[in-house]
Each structure stands twice: as structure tokens, then as C-alpha cells.
Amino acid sequence: MRGLGLTAWLGLLALGLAAPTAARTQAAERPLPAPVPVADDALAAALETGELSEAEYALERARSLFQLGKVRREFGHVVRPDARDATLILRDLAVRVGDLAPAERVAARRLLARPDDPDPPPGQDPKVPIGDGWTADESIDSPSCGGNVCVHWVDEVGNDDAPPPDDVDPANGIPDWVDLTLVTWEDVWSQQIDGIGYRAPLTDLGSANNGGSMLLDVYLDDVGSSGVFGYCTSDDPSAGAPGVYAVSAYCVIDDDFAREQYGDEHTPPEFLQVTSAHEFHHASQFAYDWLEDHWFMEGTATNIEETVYPAIDDNVNFLELWSPLTRPGSSLDRGGFGNSEYGAWIFWRFLQEKVAGDPGIVREIWERADASVPNVSPDNYSLQAVTKELSQRGLGFRNVFAQFATANRLGDYEDAQAAGYPISPRAAVFGIGRNHPSVGWRTWRINHLASRTVAFARGSSGPANARLRVEVRLPKHGARATVLVVRKNGTVVVHRLNQGATGFARWGAPFARATVRRVEVVLSNGSTRVASCWTFPGPPSTSCLGRPLDDQRPFRLRVQLVR
């Protein structure tokens with residue numbers, strides 16, 4: 001089933017139109033997830049107009065990862081995918097191969113092939129796209145294997161796909177970069193699987209090319225020349241079969257993370273570490289449900305970088321680009337343009353630090369999303385898994401989301417100051433004093449899983465020991481208002497308003513001239529209500545590709561200076 005076009009989908013989202021709730025049952029097969037939104041470019045337009053089917057779009061988008069020039073010559077303005085989008089772009093193709101014409105199917109399988117697969121296979125036109133296959137034979141010393149992972153490489157002198165040949169530490173006949181890659185991947189396996197308890201990637205013994213063992217295969221390749229850090233995908237023979245949501249994986253990462261390709265923000269070993277942590281997490285996710293929501297898969301994979309290698313802080317860049325910190329008015333579960341699905345990692349960090357004090361809470365949410373055994377596994381979708389896990393802990397989602405919005409405004413994270421996390425901005429600031437003692441009812445319309453902060457600054461005039469009467473009228477579902485009294489000594493008093501059945505709440509906030517700098521009100525829409533799950537695909541996608549029921553809800557607020 002092809003999703004709605006981008007323009008139509010965004011129009012419906014803006015109107016906040018609702019549809020009857022569609023319950024997700026385990027016995028019913030889910031439609032495929034809509035292709036990952038990359039950009040509003042020529043490929044997106046071709047999908048919207050019907051020139052390309054979803055399967056054809058997935059093929060062309062995957063081609064654009066490695067053969068962007070060819071795709072542009074055929075379609076026109078096509079945006080280069082983000083450096084970290086390859087995993088889900090290739091997933092989108094892998095689950096749609098069966099919907100392609102025979103010739104296109106051949107091209108798709110070549111794009112999904114491992115770097116060491118024959119090039120071209122018997123009977124294939126050598127002009128057919130071949131993805132990022134090696135241009136040399138695998139080293140006679142390859143692979144190098146540990147207890148869980150095998151690293152494959154080529155060593156032809158001068159070949160771009162070959163890692164640096166240096167063999168100094170240790171001098172064992174294997175390039176040092178290969179040794180470092182194996183140590184790194186064994187480390188991320190140990191931390192994520194043995195330490196936190198995530199499910200190990202499924203064995204690939206059923207694949208036609210399984211790397212020669214049941215271990216996880218990692219291939220070194222010059223993916224940096226295509227603007228890619230690395231990816232994991234699947235050649236599991238059951239990938240794309242109806243009702244199959246858990247598959248094996250193999251992974252490809254750059255062969256040297258050369259500075260001329262990746263810049264100087266981090267060292268090549270640091271890029272190797274965070275890329276390995278991120279992509280390995282995808283391989284583990286594939287063992288639960290590789291068709292899960294975009295924001296869930298990329299957000300938790302980005303968060304695991306911080307969990308495994310906290311000193312590198314590469315994922316802080318996503319907080320600046322598009323995240324609940326810089327764009328609090330954008331829905332948390334929005335997956336699409338602007339890298340919002342990566343910036344969502346801060347929510348999973350919040351759950352680890354503030355709710356559980358343990359990274360295991362994210363694993364437990366993935367266990368609720370597990371779809372590996374039909375009609376047996378819980379198979380909750382992303383947001384549903386979160387709400388059920390919080391409920392199990394005696395917590396309501398709307399309260400937790402309000403605390404999350406407050407933490408974003410206060411910068412209340414362990415690494416916020418050292419790593420330079422941005423602070424959630426204010427939607428409006430009003431001066432309060434003798435000449436302006438009140439602000440009448442104002443309305444802010446807020447989407448689901450989004451927030452707004454309104455500030456009231458203390459002027460030099462007015463009663464010395466006044467209070468600020470804060471009144472709100474909130475929507476019925478998921479809404480919360482939290483008052484922050486920011487004192488001149490730098491401390492903050494946090495007070496959550498408890499609204500009645502009508503949504504009305506009032507509180508007299510301290511507003512003394514000598515001690516209070518300002519009062520802020522954080523308005524949060526923690527609604528989790530979604531209609532048409534898995535039947536309303538279209539970018540940018542939200543939880544279960546459904547239609548949020550509580551977008552653009554009115555939050556009303558007024559304040560008055562009182563003695």
C-alpha cells in the first residue's frame with residue numbers, strides 16, 4: 001500500500017484531522033513502514049505523484065547512497081542522504097525487493113549484497129548498480145575473528161577499500177586498523193549485550209553468504225567516499241517475508257575514517273567507536289523488530305553512543321540540529337527531515353538518568369516492542385512500549401513528559417554543561433511590574449509530545465513582596481503545566497499545577513523583588529493518543545505511522561501581580 005503524498009500528509013497533520021482508532025493486533029500483519037523521509041526532492045515528488053511506487057522509490061533512494069550522480073541524471077534534484085541514514089534506507093529496500101520488477105530486483109539485491117559478493121554474479125549485466133562492493137579480493141588473512149565478531153577486509157596496495165597497512169601494535173600480520181576495529185566491536189558487544197542485556201544479533205547461517213561462520217560480520221570499506229559512516233543491513237533469506245520482523249544482520253563501516261572525509265571534530269578511532277556503538281545497536285534491534293518506528297530506532301541507537309562512549313559526545317551535534325532542546329514545539333516522535341529522529345536521543349537519556357538511573361530501562365522498552373515470535377511477543381509499537389513500561393513502574397506518561405520538558409528547559413542532565421547541551425528556548429517573555437501588572441489570557445497551540453515555555457520577568461517596580469498568580473486552562477488529554485520560580489541566587493523552585501476536571505489550575509508563585517528573577521511556565525502536551533496505526537503512512541512519520549489525535553491543542557495562560 002502506497003502512503004499519502006508529502007503535501008497531502010502535511011496538510012492533514014496541520015489540520016489535526018482524526019480518524020477512528022485502529023487497534024493493532026498481533027494476529028494482523030502490519031503494513032510496511034513508509035520509506036524513511038530524506039528530503040522534499042525529486043524522488044519524494046516522484047513518489048507523491050505516482051511516478052515511482054514505494055518499492056521503486058526505495059530502490060532509487062538506496063542507489064543515491066552510492067551512485068548519487070546517476071540518480072540525479074535520471075531524476076534531477078536529489079538530495080544526498082544524511083551520513084547516518086544508510087541503515088534504514090537499505091532496510092526500506094530489503095523489505096520491498098519482492099515488489100520490484102525482475103530487473104529492478106537484481107539491482108536491489110546487488111545494493112544489498114555484502115562487499116565481498118561476486119561482482120557481477122553470473123549472467124548479470126556489469127552495468128547494473130553494485131552498491132559499494134569491493135574492487136579487490138578479500139585478504140588471505142581475512143577475516144579476523146573474536147568471540148562474537150569477524151572483521152573482513154582487503155589489502156591490495158593502493159585500493160581505496162583497504163585499511164591502512166600499518167602493522168605495529170601488535171605486530172601480528174594483521175593491519176592495526178583491523179585489530180582496532182575488532183577490539184572496538186567486541187567492546188560494544190560486551191557493553192550492550194553482556195552489560196545492559198540487549199538481545200544478541202541473530203545468526204546469519206541461513207544467508208547464502210554468511211561470512212564463513214555464525215558470528216556477526218563487519219566489513220571494512222571506503223564508504224566515506226559516499227558520505228556514509230557505516231550501516232547494518234540484512235541478507236536474511238526471510239527478510240521481507242510476510243509477518244517476519246526479526247532478521248539477522250551484517251555491517252559495513254569505513255576502512256579508516258580519514259580526516260579528509262570526516263573532518264577533525266574527532267579522531268579516526270573516536271569516529272570508529274561511536275559509529276560501531278550506533279550500528280551495532282541496529283544489529284541488535286533487528287533481533288527484536290527491524291520494522292519499528294524511525295524515531296525509536298535511530299533515537300535509541302544514538303543514545304547508546306553516549307552510554308558506551310560518553311567522553312566523545314558526537315551525538316551532541318544532533319541536539320543542535322533538531323531536537324526537543326532546540327525545537328520543543330516539534331513532536332518528539334517526529335521522524336523525518338532535519339535529523340529529528342537522531343535528536344530524539346535526549347528523551348532516552350532522560351529516561352536513563354532521571355526515571356530509572358539505569359540504561360536497562362531502554363532495553364526493557366525494546367523488549368516490549370519485541371515482535372520476533374508472531375502472536376507471542378508483545379509487539380508494542382514505540383510509544384506504546386514506553387507508556388506500558390512507565391505504567392509498570394507506577395508512572396504516568398504525561399507526568400514524565402512534563403518532567404522531560406522541564407529538564408530540557410533547565411538543562412538538567414549530567415553532561416549538559418560539560419558537553420554544551422543547548423537549552424530549550426522560550427516561546428515568549430513578558431515583563432511584569434507596576435506599569436504592566438498582568439498578562440491577560442493568551443493561547444498557545446501545542447502538538448502532541450511537544451512543549452512551550454512562557455517567561456514572566458520581574459521588573460524593578462511593583463510591590464516588594466508580591467506574588468504572581470498563574471492561571472491555566474489545559475486540554476483534556478496529556479496536558480500539564482509546570483511553574484519554575486527562578487531565584488536570583490541561581491536556584492529554581494519547580495511546582496507542577498494540578499488542574500481540575502475542566503483543565504483549570506491556579507497557583508500563587510513567589511515573586512519578591514529581592515529574591516526572584518523571573519517565573520516561567522512550561523506547557524507540555526504529553527498526549528499519546530494515535531489513530532490509524534500502521535494504515536496512515538506518510539512523511540514525516542510519527543509513532544506507528546499513525547495520526548496523532550491531539551495536535552494543535554489550545555493551552556491558555558494568564559498571570560497577575562498580586563500582593
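## Charged patches on the surface

Arg434, Lys488, Arg513, Arg517 and Arg563 form a patch of positive charge on the surface of this predicted model. A patch of this kind takes residues with over 30% relative accessible area and no salt bridge, with like charges joined within 9 Å; in the nonpolar kind, the side chains (Val, Leu, Ile, Met, Phe, Trp, Tyr) are joined within 5 Å. Lys and Arg count as positive and Asp and Glu as negative, while His and the chain ends are not counted. Each charge is placed at NZ of Lys, CZ of Arg, CG of Asp or CD of Glu. Arg517 belongs to strand 13 (residues 516–525). With a relative accessible area of 41%, Arg517 is partly exposed; buried means under 20%, exposed over 50%, and partly exposed in between (1.4 Å probe, protein chains only). The areas come from the Shrake-Rupley method with a 1.4 Å probe, and for residues only the protein chains shown count as cover.

A patch of negative charge on the surface is made up of Asp137, Asp141, Asp155 and Glu156. Asp141 sits in the loop between helix 6 (102–111) and strand 1 (144–145). Helices (H or I, at least four residues) and strands (E, at least two) are DSSP runs, numbered from the N terminus. Asp141 counts as partly exposed, at 39% relative accessibility.

## How the model is read

Residues are numbered from 1 along each chain as its sequence is written, and side-chain values use heavy atoms, with hydrogens and water left out. Since the model is predicted, local features need pLDDT of at least 70 and side-chain atom pairs count only at pLDDT 80 or more, while totals for chains, interfaces and linings use all residues.

## Salt bridges

Side chains of opposite charge can pair when their charged atoms come close. A salt bridge is a side-chain nitrogen of Lys or Arg within 4 Å of a carboxyl oxygen of Asp or Glu. The whole structure holds 26 salt bridges.

One of them joins Arg518 and Glu520, with the closest N and O atoms 2.7 Å apart. Arg518 is partly exposed, at a relative accessible area of 21%, whereas Glu520 is buried, at 1%.

## Inside the network

Within helix 14 (residues 360–369), Glu367 and Arg363 are 4 residues apart, so about one helical turn separates them. The two form a salt bridge whose closest N and O atoms are 2.8 Å apart. Arg363 is buried, with a relative accessible area of 16%, and Glu367 is partly exposed, at 33% relative accessibility.

A salt bridge also connects Glu389 with Arg368, the closest N and O atoms being 2.7 Å apart. This pair links distant parts of the chain, with Glu389 in helix 15 (residues 382–392) and Arg368 in helix 14, 21 residues apart. Glu389 counts as buried because its relative accessibility is 5%.

## Tyr250 and its contacts

Tyr250 lies in strand 5 (residues 250–254) and is buried, with a relative accessible area of 0%. Leaving out residues up to four places away in sequence, Tyr250 touches Leu112, Ala113, Arg114, Pro115, Leu216, Asp217, Tyr219, Tyr231, Cys232, Thr233, Ser234 and Asp235. Contact here means heavy atoms within 4.5 Å. Gly263 is 13 residues from Tyr250 along the chain, and their C-alpha atoms are separated by 26 Å.

## Backbone features in loops

The bond from Ser142 to Pro143 is cis, with omega near 0°, and Pro143 is in the loop between helix 6 and strand 1. Asp169 and Pro170 are likewise joined by a cis peptide bond, with omega about 0°. Pro170 is placed in the loop between strand 2 (149–152) and helix 7 (176–196).

Positive phi values also occur in loop residues. Asp313, a residue other than glycine, has a positive phi near 60°. Asp313 lies in the loop between helix 10 (294–308) and helix 11 (316–321), and counts as buried at 19% relative accessibility. Asn375 is not a glycine either, and its phi is positive at about 65°. Asn375 is found in the loop between helix 14 and helix 15, where it counts as exposed at 52% relative accessibility.
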